[in-house]
Amino acid sequence: MSKPAVYVTRNVPEAVAERLHRDYDATVNTADTGLSADDIVAGAEGKDAVIVTPPDKMTAEVIDRLPASIKAIGCFSVGTNHVDLEAAKRRGIVVTNTPGVLTEATADIAFLLILAACRRAHEGASLIRAGAWQGWKPIQLMGVEVSTRRLGILGMGRIGQAVARRAQGFGMPVHYYDQQRLPADKEHGATFHDTPESLLGVSDILSIHVPATPETIGFLNAERIAKLPDNAVVVNTARGDIVEDEALIDALKRGKLFAAGLDVFAGEPNIHSGYYNLDNAFILPHLGSATVETRNAMGFMVLDNLDAVFDGTTPPNRVA
Ligand code: DGY
């Protein structure tokens, strides 16, 4: 029997590629560059499925142009905001994602950002690399103490809970907002707030863990930043569009906020240029899930789901 034909928009880790090529007739965009709508549609020609990543904009227009042979879109991500799920449903195309396997890696990056932002890691690293460090000084690059700060977690799903667990180890008082209060065993000692605004008021460090939806896009605007305590720190490992860049940059410049730690940005990879020159913005290129273990697990999960589609069973992580 011939293998299903799959178009893959980016290179995947070696172990995943091995299984991909063993089980599928796979064509990979080995140039590993960003693809336009036309590129994706052309790549999908004659294929049974496509594997896509967060930068691939699977809009309704792209989905409507996919060939009739496409049965599934496998997202190499837990986030599916880059795929128009309604358009896929209309076309009867199955969409799957990769929940669960990137929880710990992403929570690690959230904590890295918390620590780096609070302890001025960008300024310290730049100083020493510029050969400008003149030695230890009592008042040099003083940051804010992490362990005494109240951590506010916006969105207490898997990743939010993993961040709360880490925060317990640091002795931080933890607060959270979610649509509903969680059972005690999932709260990890955190205090529930029934509105996001109430959470903002106690968030010396705000860590964002909600998906990008019409309700959350633009959530952290000037008005809500004003509700954070003075000198607060904002950390985002979820999606860039949840934060209004102009408002965040302005608050960082004015000193309303002490610092920000950001792994995700609106318009990636073309991020707001205002971040580049801000010493109090510690910025990373969307590395949340970037460990060998996690990227392998994500890739295998994409393939498990496609296997199910082509075996005629229900994919375990179907989102449309
Ligand atoms: C995801 O899976 O949605 C992440 O953003 C990738 O790191």
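At what angle do helix α5 and helix α7 pack?

## Helix pairs

Helix α5 (residues 103-118) packs against helix α7 (residues 158-169) at about 55 degrees, and their axes are 9 Å apart. That makes α5 oblique to α7. Angles under 35 degrees count as roughly parallel, over 145 as roughly antiparallel, 65 to 115 as roughly perpendicular, and the rest as oblique. The crossing of α5 past α7 is right-handed: the near helix is turned clockwise from the far one by less than a right angle. Axes are lines fitted to C-alpha atoms, for helices over the stretch in contact, with angles from 0 to 180 degrees between N-to-C directions.

A second pair is α1 (residues 14-23) with α12 (residues 292-311). Their axes come within 8 Å and cross at roughly 20 degrees. So α1 is roughly parallel to α12. This crossing, too, is right-handed. Helices (H or I, at least four residues) and strands (E, at least two) are DSSP runs, numbered from the N terminus.

## Basis of the model

This is a predicted model, where local features need pLDDT of at least 70, side-chain atom pairs count only at pLDDT 80 or more, and totals for chains, interfaces and linings use all residues. Residues are numbered from 1 along each chain as its sequence is written, and side-chain values use heavy atoms, leaving out hydrogens and water.

## Ligand site

G79 uses a backbone N or O atom, at 2.8 Å. Alone, the ligand exposes 240 Å², and the protein buries 92% of that (Shrake-Rupley method, 1.4 Å probe).

## Backbone details

E268 and P269 are joined by a cis peptide bond, with omega about 0 degrees. P269 sits in the loop between β11 (257-262) and β12 (281-283).

D32 is not a glycine, yet its phi is positive, about 60 degrees. D32 lies in the loop between β2 (25-28) and α2 (37-44).

Definitions and conventions:
A polar contact is a pair of N or O atoms within 3.5 Å; within protein, one must be able to donate a hydrogen and the other to accept it, and residues adjacent in sequence count only if both atoms are side-chain atoms.
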